[in-house]
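Student: I would like to go through the labels on this model and see what each one rests on. Could we take them in turn?

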Amino acid sequence: MREALVEGQNRQTTDVAPAEEHHADIYGEDGAVRASFLAQIGAAIADRDTITLKREVDDLHQSELGDVLEALHPEQRRALVELLGSDFDFSALTEVDEAIRLDIVDNLPNAQIAQAVQELDSDDAVYILEDLEKEDQDEILSQLPFTERIRLRRALDYPEETAGRRMQTEFVAVPPFWTIGQTIDYMREDKNLPERFSQIFVIDTSFKLLGAIELDQILRTKRAVKVEEVMHETLHAIPATMDQEEAAREFEQYNLLSAAVVDENGRLVGVLTIDDVVDVIQEEAEEDLLRMGGVGDEELSDSVLATSRSRVPWLLVNLGTAFLAASVIGLFDRTIEHIVALAVLMPIVAGMGGNAGSQTMTVTVRALATRDLDIYNAARIIRRELGVGFINGVVFAVLIGMVAGFWFRDPNLGGIIAAAMIINMFAAALAGILIPLVLDRFKIDPAVASAVFVTTVTDCVGFFAFLGLATWWFRVP
């Protein structure tokens, strides 16, 4: 037994080593695809050397091939897919930007796409098909076998960014009256089962979900035992219409590896797996980050015009709010004429308030996204943020007041900017938490709209407090 164990370990080491060595050949120390490897691929494409090209990419994982596609020029990408033909791994298209995926797919005949998606898991096939025009989708689906066509059509009929779009329609389901022995024989003999799975679902004659059995439970149970005796109730079945972010939260909260997906009647229609959920979490995090910057659904592969179009709307909104802040300054133009030092100092007050508001806003938006902030603890969190804003305001008021008083040799000016700093930091904390809460209450994504409103509040309050206090103290007419 010891010899067998050692032999198994050696075999495992031998099997893993080539993959690690190949991975090392592709990527440089910075984690990017090596320029020399891309040069080899580019030379093979230029020479239309399909033998060399297939040899270089044949053993690549789909994520590695995706990185190669993203690193190549558009013409090279299309040529690579054309030269590889049926040997191209279409699952790599799930690893690239949407613009790159569409660029490749739009240049392929629908017949080739139809042939390729038959080799993919249903979730990967849906991922590729969902971005195509409806006419192209229908033409591709019409060329698929009936069962597979129905499965993909059902998934595509669910709204975007729902569990139904993310699910795999391949799963293992058995009736409750089967024995464990029958279940094992079925898994051994049926050629149409998914390649990897960790659960077997139990259904009745109408496909209504009754429960599930883990594979380890099957291995520990005698063959004569009936499935219904060892199955457990599925407590976390996911409705197909559930938002994918909500589904990901279910996986996170209950440490799931897979979960059944059911329709409105409780019938089993698919399974959601952890690898798809990881993609969802990454996409949602990137989306929130981009939206907080007013960028929208932008990708690095987008064209100049597309990128410009996605950024213009929020820049226009920012322009409008900038005029609002400028109008506040305009109210005190005579004060600034009398005391030029105010023009030097007032950006400090507004800038510090904006940064403080952004900190509070970021924490609030994240808490809303993860459901850590709700109606029950909102009051406590608001009090905490106001306390933080006041304390930070006092700390920086003392610091900037001393610097300004010494710089312009005017203690009165130092006191005014100190008071304005406290007011604006307090207002920043209040705006940073209340604005996302109000937007969320009215079903507006706080990640999208919070930043511009928080910045407007801190600019206007900062300018008005600083210039207003200066006008009152120095008795400017």
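Student: Which residues form the nonpolar patch on the surface, and how much accessible area do they have together?

Tutor: This is a predicted model. The patch consists of Val 344, Phe 390, Ile 391, Val 394, Val 395, Phe 396, Val 398, Leu 399, Met 402, Val 403, Trp 407 and Phe 426, and together they have about 1100 Å² of accessible area.

Student: Which helix gives the most to the nonpolar patch?

Tutor: Helix H20, residues 378-407, with 10 residues. Val 394 is in helix H20.

Student: Why is Val 394 called partly exposed?

Tutor: Its relative accessible area is 32%. Buried requires under 20% and exposed over 50%, so Val 394, at 32%, is partly exposed.

Student: What makes Arg 196 exposed?

Tutor: Arg 196 has a relative accessible area of 66%. The cut-off for exposed is over 50%, so the label applies. Arg 196 sits in the loop between helix H12 (180-189) and E2. Its C-alpha atom is separated by 10.0 Å from that of Glu 170, 26 residues apart along the chain.

Student: How do you know that strand E2 pairs with E3?

Tutor: Five bridges join E2 (residues 199-203) to E3. Pairing needs at least two bridges, so the two strands pair. They run antiparallel, and Gln 199 stands opposite Glu 214 in E3.

Student: Why are E1 and E3 called edge strands?

Tutor: The open sheet has three strands in the order E1-E2-E3, with mixed pairing. Strand E1 (173-174) and strand E3 (209-214) each pair on one side only.

Conventions. Residues are numbered from 1 along each chain as its sequence is written. This is a predicted model: local features need pLDDT of at least 70, side-chain atom pairs count only at pLDDT 80 or more; totals for chains, interfaces and linings use all residues. Side-chain values use heavy atoms; hydrogens and water are left out. Helices (H or I, at least four residues) and strands (E, at least two) are DSSP runs, numbered from the N terminus. Buried means under 20% relative accessible area, exposed over 50%, partly exposed in between (1.4 Å probe, protein chains only). Patches are made of residues with over 30% relative accessible area and no salt bridge: like charges are joined within 9 Å, nonpolar side chains (Val, Leu, Ile, Met, Phe, Trp, Tyr) within 5 Å. Accessible areas come from the Shrake-Rupley method with a 1.4 Å probe; for residues, only the protein chains shown count as cover. A salt bridge is a side-chain nitrogen of Lys or Arg within 4 Å of a carboxyl oxygen of Asp or Glu.
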